[in-house]
Amino acid sequence: MPKKVKKEEIKKASIIKRVLAYIIDSLIITLVVSYPFNNYLKSMNITLKFTDLFTTRLTSDLYIIFFTIAILSLIYFVALEYYLKQTIGKIIMKIKIISLKKEFKISQVILRNISKVVDILLFIDVIYMLLSPEKERLFGKLSKTQVVLK
Amino acid sequence: MKKWQFIIVILGIIFLVSFLVSKTIEGTESLKPDRIAVIPIYGPITVDSSSDIFFDQSGSPSTVVIDAIDRADKDSSIKGIILEINSPGGTVVASREISNRIKKVNKPIVSWIREVGASGAYWIASSTDYIIADPMSITGSIGVIGSYLEFSELFEKYGITYERLVGGDLKDTGSPYKQLTPKEREILQLKINKIHESFVKEVSNNRKLDYDKVKDLGNGMFYLGEEALDLGLIDELGSKDEALNKIKSLANIKEAEPVSFQRKVGITDLLARLSAYNSFYIGRGIGFSLFSGFKDESKYSNILKQVV
């Protein structure tokens with residue numbers, strides 16, 4: 001288990017690195033998670049666009065699709081961050097996450113990533129990050145985790 | 001387990017789960033809601049979309065319309081199709097292709113004519129199960145037009161001559177650079193009459209109207225929706241609501257969501273279209289007419305491709 005990290009040892013990752021890592025992860029998720037649904041959504045004349053959420057009547061099958069994509073995306077982030085402290089995006093950007101507590105629990109990883117699969121939480125998270133002086137995400141702070149340079 | 005092995009395993013599991021869920025949903029009919037496909041037929045009906053960025057790419061290529069009909073026909077959640085027509089017509093072949101595809105569809109199809117559903121567009125509408133049109137819409141116009149601009153005298157004025165080099169005396173029939181000979185005129189008129197006869201026959205069969213009656217109506221004149229109803233060319237006056245109600249009753253369903261089967265326009269399409277509009281308005285006028293005459297000679301030389 002990791003030791004409690006002293007504040008002075010932490011070299012925080014910049015917003016740019018974190019955002020780029022998130023974009024890379026989003027692309028991978030789109031490819032791996034969303035791609036299998038493409039044919040079905042195409043036949044329904046729906047693309048996986050943010051605006052479709054507002055223009056399309058969400059029927060039972062679409063609920064299942066969006067729910068599956070959300071859960072699998074969460075599994076991607078949680079599994080990689082819990083076991084490797086990094087996602088593919090973070091590996092490429094040479095950053096990792098650390099716990100600010102003595103222990104590094106899976107609940108912390110779930111909490112820090114929950115906003116990535118719920119649009120409204122992601123919106124709140126990003127706004128908080130832009131306004132906060134430490135430039136940290138709200139759910140990163142709540143989970144007592146930090147993204148640092150590797 | 002090494003880092004990258006672990007990542008690959010996780011991605012593999014995620015992909016597998018996603019794939020299995022997608023296949024399960026595709027195979028579960030009960031999850032799909034009843035839907036009505038709304039397929040637009042706007043603008044000139046052509047055989048294929050133009051790839052020339054200097055000309056307006058709007059319109060309804062038969063390949064695009066048929067593709068939309070195919071998709072709607074194959075999709076079990078689609079219970080009926082509405083053709084949303086707002087078109088002055090198009091080429092004979094394109095109209096016939098769409099009409100023939102419609103006849104093979106195993107689902108109810110209703111035509112809803114908005115402003116214009118004339119000529120080739122009316123040919124298409126006549127092959128559907130039911131036609132609804134706005135009272136003030138323009139329908140009918142059952143006729144064939146093969147007219148074109150002929151520039152020989154204008155060229156003469158500017159000292160431009162047409163050097164005729166042909167193998168086969170009728171090879172350049174319909175060329176805009178020379179006047180038609182009486183023989184050529186007669187041949188072209190015969191072909192136009194033949195297409196017209198075929199058009200009248202199609203409408204007569206599709207609408208189950210007397211051939212002679214359609215021939216009388218098919219003098220090329222357009223009819224307002226109200227007149228078309230009295231003449232039996234359409235079935236009902238109304239709007240999209242009436243079309244939706246009719247398709248629901250034909251498909252024997254109570255609730256259904258209309259879904260647009262419109263061609264998606266990408267950013268490159270928009271840029272090309274913007275460029276096309278700008279070019280058109282810059283070059284508009286006689287220069288444009290001359291240019292289009294030079295550019296697309298085959299358009300004039302093959303009368304069979306002319307608009308109906």
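A:Asp25 has 20 C-beta neighbours inside 10 Å and therefore counts as buried, since the cut-off for that class is 20 or more. The model is a predicted one, and within it A:Asp25 belongs to helix H1 of chain A, which covers residues 15-34. Leaving aside residues up to four places away in sequence, A:Asp25 touches A:Thr87, A:Ile88 and A:Gly89. A further relation across the sequence involves A:Phe77, which stands 52 residues from A:Asp25 along the chain, while the C-alpha atoms of the two are separated by 8.5 Å.

Chain A contains eight helices and two strands, and reading along its sequence gives the order α-α-α-α-α-β-α-α-α-β. If one takes the contacts in chain A between residues at least 6 apart in sequence, 74% of them join residues at least 24 apart. Towards the other end of the numbering, A:Lys144 sits in the loop between helix H8 (138-142) and strand S2 (145-149) of chain A. The backbone of A:Lys144 has a positive phi, near 55°, although the residue is not glycine. With 16 other C-beta atoms within 10 Å, A:Lys144 is classed as partly exposed.

Chain B can be described in the same terms. Its secondary structure amounts to twelve helices and ten strands, and buried residues make up 33% of its 308 residues. Of the contacts in chain B with a separation of 6 or more, 74% are between residues 24 or more positions apart.

Where do the two chains meet? The contact between them involves 23 residues of chain B and 22 residues of chain A. On the side of chain B that touches chain A, helix H1 (3-27) and strand S10 of chain B each supply at least two residues, and the largest share, 14 residues, comes from H1(B). Divided by class, the residues on this side of chain B are 14 nonpolar, three polar and six charged.

Within chain B, one pair of helices can be followed in detail. Two packed helices are described by the angle between their axes and the distance between the axes. For helix H2 (residues 62-74) and helix H3 (residues 92-103) of chain B, the axes come within 9 Å and cross at roughly 10°. As angles under 35 degrees count as roughly parallel, H2(B) and H3(B) are therefore roughly parallel to each other. H2(B) contributes B:Ser62, B:Val65, B:Ile66 and B:Ile69 to the contact, and H3(B) contributes B:Ala94, B:Glu97, B:Ile98, B:Arg101 and B:Ile102. By class, six of these contact residues are nonpolar, one is polar and two are charged.

H3(B) itself has twelve residues and reaches 17 Å from its first C-alpha to its last, close to the 16 Å expected at 1.5 Å a residue. Its buried residues are B:Val92, B:Ala94, B:Ser95, B:Arg96, B:Ile98, B:Ser99 and B:Ile102. What covers these buried residues of H3(B) includes strand S2 (45-46), H2, S5, helix H4 (120-126) and helix H6 (182-207) of chain B. B:Ser119 has a positive phi near 55° and is a residue other than glycine; its 28 C-beta neighbours inside 10 Å place B:Ser119 among the buried residues.

The buried residues of H9(B) are B:Ala243, B:Leu244, B:Lys246 and B:Ile247. Seen down the axis of H9(B), these buried residues fall within an arc of 165°, and they therefore line one face of the helix. They pack against strand S1 (35-42), strand S4 (78-87), strand S5 (109-118), strand S6 (130-133) and strand S10 (257-260) of chain B. Just after H9(B), B:Asn252 takes a positive phi of about 60°.

Key:
Residues numbered from 1 in each chain as written. Chains lettered and ligands numbered in written order. Predicted model: local features only at pLDDT ≥ 70, side-chain atom pairs only at ≥ 80, totals over all residues. Axes fitted to C-alpha atoms, helices over the stretch in contact; angles between N-to-C directions. Helix = DSSP H or I, 4+ residues; strand = E, 2+ residues; numbered from the N terminus. Parallel < 35°, antiparallel > 145°, perpendicular 65-115°, else oblique. Contact = placed C-beta atoms within 7 Å. Nonpolar A, V, L, I, M, F, W, Y, C, P; charged D, E, K, R; others polar. Buried ≥ 20, exposed ≤ 12 C-beta atoms within 10 Å, placed from the backbone. Arc of directions from axis to C-beta. Expected span 1.5 Å × (residues − 1).
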